[in-house]
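Take a look at the chain shown here. This report walks through some of its local features.

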Amino acid sequence: MKNEKQPNPNVIHPIKGYDKEIYIKPAITNPNIIVGDFSYIADSDFESHVTHHYAWNGDKLIIGRFCQIAAGVEFVMNGANHQMNAVTTFPFYTLEGWDMEPPAATDMPLKGDTVIGNDVWIGQNAVILPGVHIGDGAIIGANSVVGSDVEPYTIVAGNPAKVVRKRFNDELIDLLLSFRWWDKSIDEINDLIPILTCSDLTKVKEEIEANL
């Protein structure tokens with residue numbers, strides 16, 4: 001173990017003396033935000049990056065393990081949506097003095113939970129819109145606005161975010177999705193680091209096949 005320390009997903013500050021990067025899971029207070037072990041953000045606070053997240057909508061933000069979230073990323077939740085099936089989108093019911101009851105849930109464009117897979121890298125200032133599902137191993141380019149689902153091990157970028165390319169061929173992607181390194185124990189992952197960080201993808205494929 002580095003510096004004779006065991007990785008601990010329950011500490012908030014994983015870098016000694018540096019408070020601008022935190023493990024998200026132990027810092028969460030909102031029960032509708034669910035984050036896996038070792039996912040981090042390049043900031044000292046995470047929940048401020050989750051906007052329009054109102055309890056009455058019941059939507060959840062679910063993030064897997066080992067995700068890397070850069071500074072300035074925003075997760076826009078369903079509370080940001082306005083009624084779109086009427087003449088006006090103006091939310092009278094939210095403002096004092098207007099005689100309007102909240103619209104029925106069926107009249108609102110609610111998109112459901114936002115789900116981020118495991119080992120996802122989200123670049124600086126990206127915006128993730130309500131109800132988006134991002135697959136394991138995906139990469140989201142800086143300043144992207146993601147309004148559609150992203151397949152595993154796919155790179156997207158732009159506004160709106162579009163596919164740049166797949167990270168690997170389909171055979172290796174299928175192997176990685178079966179292997180699920182992020183679900184293994186800390187000791188197993190430490191032993192796998194030479195494989196997980198190797199740029200020789202032929203060797204990686206052979207090693208993963210041998211370890212399945």
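The text below covers a helix pair, some backbone details, aromatic rings and one glutamate. The model is predicted.

**Two helices in contact**

Start with helix H1, residues 170–179, and helix H3, residues 201–211. They pack at an angle of about 40°. Their axes lie 10 Å apart. Angles from 65 to 115 degrees would count as roughly perpendicular, and those under 35 as roughly parallel. H1 and H3 are therefore oblique to each other. The crossing of H1 past H3 is left-handed.

Which residues make the contact? On the H1 side they are Glu171, Leu172, Leu175, Leu176 and Phe179. H3 supplies Leu201, Lys205, Ile208, Glu209 and Asn211. Sorted by class, this contact of H1 with H3 has 6 nonpolar, 1 polar and 3 charged residues.

**Backbone details**

Now turn to the loops. Asn159 and Pro160 are joined by a cis peptide bond, with omega at about 0°. Pro160 sits in the loop between strand S14 (154–157) and strand S15 (162–166).

Two residues call for a look at phi. Phe38 is not a glycine, yet its phi is positive, at about 70°. Its place is the loop between strand S2 (33–35) and strand S3 (40–41). Is Phe38 buried or exposed? Its relative accessibility is 8%, so Phe38 counts as buried.

Tyr153 also has a positive phi, near 50°, and is not a glycine either. This tyrosine belongs to the loop between strand S13 (145–146) and S14. Its relative accessible area is 2%, so Tyr153 is buried.

**Aromatic rings**

How many aromatic pairs does a search of the whole structure find? It finds 9. A pair of aromatic rings is described by the distance of the centres and the angle of the planes. The table gives two of the pairs.

| Pair | Centre to centre | Angle between planes | Type |
|---|---|---|---|
| Phe90 and Phe92 | 4.9 Å | 55° | tilted |
| Tyr153 and Phe168 | 5.7 Å | 50° | tilted |

Take Phe90 and Phe92. Buried means under 20% relative accessible area, and exposed means over 50%. Phe90 has 41% relative accessibility, so it counts as partly exposed. Phe92 is partly exposed too, with a relative accessible area of 27%.

Next come Tyr153 and Phe168. Their ring planes are at 50°, so the pair is tilted. Tyr153 is in the loop between S13 and S14, while Phe168 is in the loop between S15 and H1, so the pair ties together parts that are 15 residues apart in sequence. Both Tyr153 and Phe168 are buried.

There is also a cluster. Which residues do ring pairs link there? They are Tyr23, Phe38, Phe66, Trp181 and Trp182.

**A buried glutamate**

Last, find Glu21. Glu21 lies in the segment before strand S1 (22–23). With a relative accessible area of 19%, Glu21 is buried; the cut-off is under 20%.

What does Glu21 touch, leaving aside its neighbours within four places in sequence? Its contacts include Ile12, His13, Pro14 and Ile15. Tyr40, Ile41, Ala42 and Asp43 are also in contact with Glu21.

Key. Residues are numbered from 1 along each chain as its sequence is written. This is a predicted model: local features need pLDDT of at least 70, side-chain atom pairs count only at pLDDT 80 or more; totals for chains, interfaces and linings use all residues. Side-chain values use heavy atoms; hydrogens and water are left out. Axes are lines fitted to C-alpha atoms, for helices over the stretch in contact, and angles run from 0 to 180 degrees between N-to-C directions. Helices (H or I, at least four residues) and strands (E, at least two) are DSSP runs, numbered from the N terminus. Angles under 35 degrees count as roughly parallel, over 145 as roughly antiparallel, 65 to 115 as roughly perpendicular and the rest as oblique. A crossing is left-handed if the near helix is turned anticlockwise from the far one by less than a right angle, and right-handed if clockwise. Contact means heavy atoms within 4.5 Å. Ala, Val, Leu, Ile, Met, Phe, Trp, Tyr, Cys and Pro count as nonpolar, Asp, Glu, Lys and Arg as charged, and the others, Gly among them, as polar. Buried means under 20% relative accessible area, exposed over 50%, partly exposed in between (1.4 Å probe, protein chains only). Rings of Phe, Tyr and Trp (its six-membered ring) pair if their centres lie within 6.5 Å; planes under 30 degrees apart count as stacked, over 60 as edge-to-face and the rest as tilted.
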